[in-house]
Amino acid sequence: MTHSLSLILRTEPVQRGPFNRVRVTPPNEASVYATADRRLALLDAGRPLTWSEQVLSSYRIRYDVDMSDHRRTAELRSTPLPARGDHWFFVATVEVGFRVHDPVEIVRRNVRDALPLIYGHLGQRFRIITRRFDIEQSTEAEEAIRQAFSGDVLLPEGLTIFDVAPRLLPDENASRHLQAVAQNRRTLQVNEGRHALDLQIALQRGELERMSQRARLEADERERAALGSGELSVRQMVVWHVARNPQDTERALSLLMEHEQAMLERQDAHNQHTVDLFRFLVEKDVLHAADIEPMLPGMVSRIGGVPAKAPVTGATTWAEPPVLGGLTPKPSTDSAGKPPAIVLEQDPQTRVWKPTDGVQPVYLLVDESVEMDQYIGDLSDGAHALHEQLLKAADVMPALMLSVLGFADHVATRLPLDTVTQGSQSPWFTARGPVSYANAFEALLDRIGPDIDALKTEGYRVLRPVVHLLSGSGGPGEGEEWAVPYQRLVDPNTHRYAPNIVACGFGRAPARLIAEIATRPQSGHVAPQDLDVRTAIQRYWEALGRNILATGRSLIEGRPELAMEPPAGFRLAHEVI
């Protein structure tokens, strides 16, 4: 601990002379008196001795004890809080309020510094509670701590703890673990989206191929039916092939002629052998005239003749013209000659987000300057409520990437650009330094480009980023030149990822400044001066949650639109100037 809080403000002897002045005790102090034998007494709620009591009493020493309310904010890094299983740890930031309820006990125990007692008690109680929760359940652990300290907690040392507001975050190792889990979950989500898209494309391609194959088979069946049910001759098969493949006409006819020529030559040789055999039999007087007449038809047939009474079968004609043209209707085609496409539509009510739909980066830039000291708790509570609201919208969150930044004399990252999941931390703010808009815009220039390039390498289609800026400061510091980095940030000619900026101001924020920062006239709003500042902050966070979710839902529905509903009671900044 670098600071201490002494509760025993003064220790001095009781002056017993009749001319000694009685020192008055302030309302926030109590006087405790000790006798020579070390007995302690508190007179009428800590009043000082009267003149007569000072002269006649047996009290020897007076202790003045601080009875006022104290509030402190501390980060319990030296005593990290274990999560379930004692493997991962939380780092706690706690705002605690306490006071003295028994000044006599403070003096008896000589409590010179109250902070070790307070923080030691909180750390011991916190550890018992956080061991009941997993590292991803920081929100539930915070709520359990608030419930445990919902009433006054009396310490035996004479102290009362009357308010405890914890903020639990995973420590460095646990944060890396949760980020890895979130990255794996996002990668799985991207792969599932790609798989669904590939499956849809494969189904469409398969359907087209099946239709094409079915058409070919039906055409083949019609052509075979046109050729008849009998056995096909070589000439018929050649004609069928040429009709389907006219580019093979020359080659096919040449082969057919060679085939028929060979068949004729073979038939001629066979006929000659038959004639020679018949002549031999006649010359040898084996066959006589009476024998020849019954054999004549068969002999003539063997040498290529046709029997006189043999029926002549008519030639089969080509009756199916699907390729050679004209008689059968062709399948319907479009103007380019292609068959109509098969469109597989999806019910809009069951539509889910996939990476090709696009992702919307959202940067939240919040004023953390010293002027915000009295409102820093309201800003942190609003960011915490926004985080809880986004966690409940699991259907919208895959389409959104959120980053929370605090700006003062420099920019601090409260939440890096990522999807809001159960493992992501809840952002919080702290007052520090003077406000610098130039540093804020320079920081956005340095962050937006690498963030979006990284998303694109993961397969996302990234929409134009949007920056929500909230300020309550009186304006830029004297001599600060913020216009140059601002123009570099929002000019699409110099910055390929130039964002839309939605600016809101409250308190002392100048309307002219808010109007100049907003990239559209309708995206700059200020709270009226008669509106309570804390109410204005609360309304801003409520409107911001609605706008972010509305933007995500419009993206999922296929009609991306930036929602810019102003907080209740806020006015357009350019109308107030």
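Biologist: Which residue in β8 stands opposite L154?

Modeller: T160 stands opposite L154. This is a predicted model, numbered from 1 along each chain as its sequence is written, where local features need pLDDT of at least 70 and side-chain atom pairs count only at pLDDT 80 or more, while totals for chains, interfaces and linings use all residues. Side-chain values use heavy atoms, with hydrogens and water left out.

Biologist: What makes β7 and β8 a pair?

Modeller: Two strands pair if DSSP finds at least two bridges between them. Two bridges join β7 to β8 (residues 159-170), and they run antiparallel. The strands themselves are DSSP runs: E, at least two residues, while helices are H or I, at least four, numbered from the N terminus.

Biologist: Why are β5 and β7 called edge strands?

Modeller: The open sheet has four strands in the order β5-β6-β8-β7, with antiparallel pairing. β5 (70-82) and β7 (153-154) each pair on one side only. Helix α3 (residues 115-130) packs on this sheet and touches β5, β6 (89-100), β7 and β8. Contact here means heavy atoms within 4.5 Å. The direction of α3 makes about 45° with that of β5. Axes are lines fitted to C-alpha atoms, for helices over the stretch in contact, and angles run from 0 to 180 degrees between N-to-C directions.

Biologist: What is the strand order in the sheet that contains β1?

Modeller: That open sheet of four strands runs β1-β4-β2-β3, with antiparallel pairing. Its edge strands are β1 (8-13) and β3 (40-42). Neighbouring strands are turned by 25° against each other on average, direction ignored.

Biologist: How do you know that β2 and β4 pair?

Modeller: Seven bridges join β2 (residues 29-35) to β4 (residues 59-66). The requirement is at least two, so they pair. Within that pair, T35 stands opposite Y59 in β4.

Biologist: Now the charges. Why is the link between D418 and R186 called a salt bridge?

Modeller: A salt bridge is a side-chain nitrogen of Lys or Arg within 4 Å of a carboxyl oxygen of Asp or Glu. The N to O distance here is 2.5 Å, so the pair qualifies. D418 lies in strand β11 (residues 411-418) and R186 in helix α5 (residues 172-227), so the pair ties together parts that are 232 residues apart in sequence.

Biologist: Are D418 and R186 buried or exposed?

Modeller: Both D418 and R186 are buried. Buried means under 20% relative accessible area, exposed over 50%, and partly exposed in between (1.4 Å probe, protein chains only).

Biologist: What makes E207 and R210 partly exposed?

Modeller: E207 has a relative accessible area of 28%, and R210 is at 43%. Both values fall between the two limits, so both residues are partly exposed. They also form a salt bridge, with the closest N and O atoms 2.8 Å apart. Being three residues apart in helix α5, E207 and R210 are separated by about one helical turn.

Biologist: How many salt bridges are there in the whole structure?

Modeller: The search finds 25. One of them joins E565 and R546, at 3.3 Å, N to O.

Biologist: Why is D373 called exposed?

Modeller: Its relative accessibility is 52%, which is over 50%, so D373 counts as exposed. D373 lies in the loop between β9 (360-367) and α9 (376-391). D373 and A431 are 58 residues apart in sequence and 5.1 Å apart in space, C-alpha to C-alpha.

Biologist: How confident is the predictor?

Modeller: The mean pLDDT is 82, and 82% of the residues reach 70 or more. pLDDT is the predictor's confidence in each residue, from 0 to 100. Over residues 304-350 the pLDDT is below 50. Where pLDDT is low, the predicted coordinates should not be read in detail.
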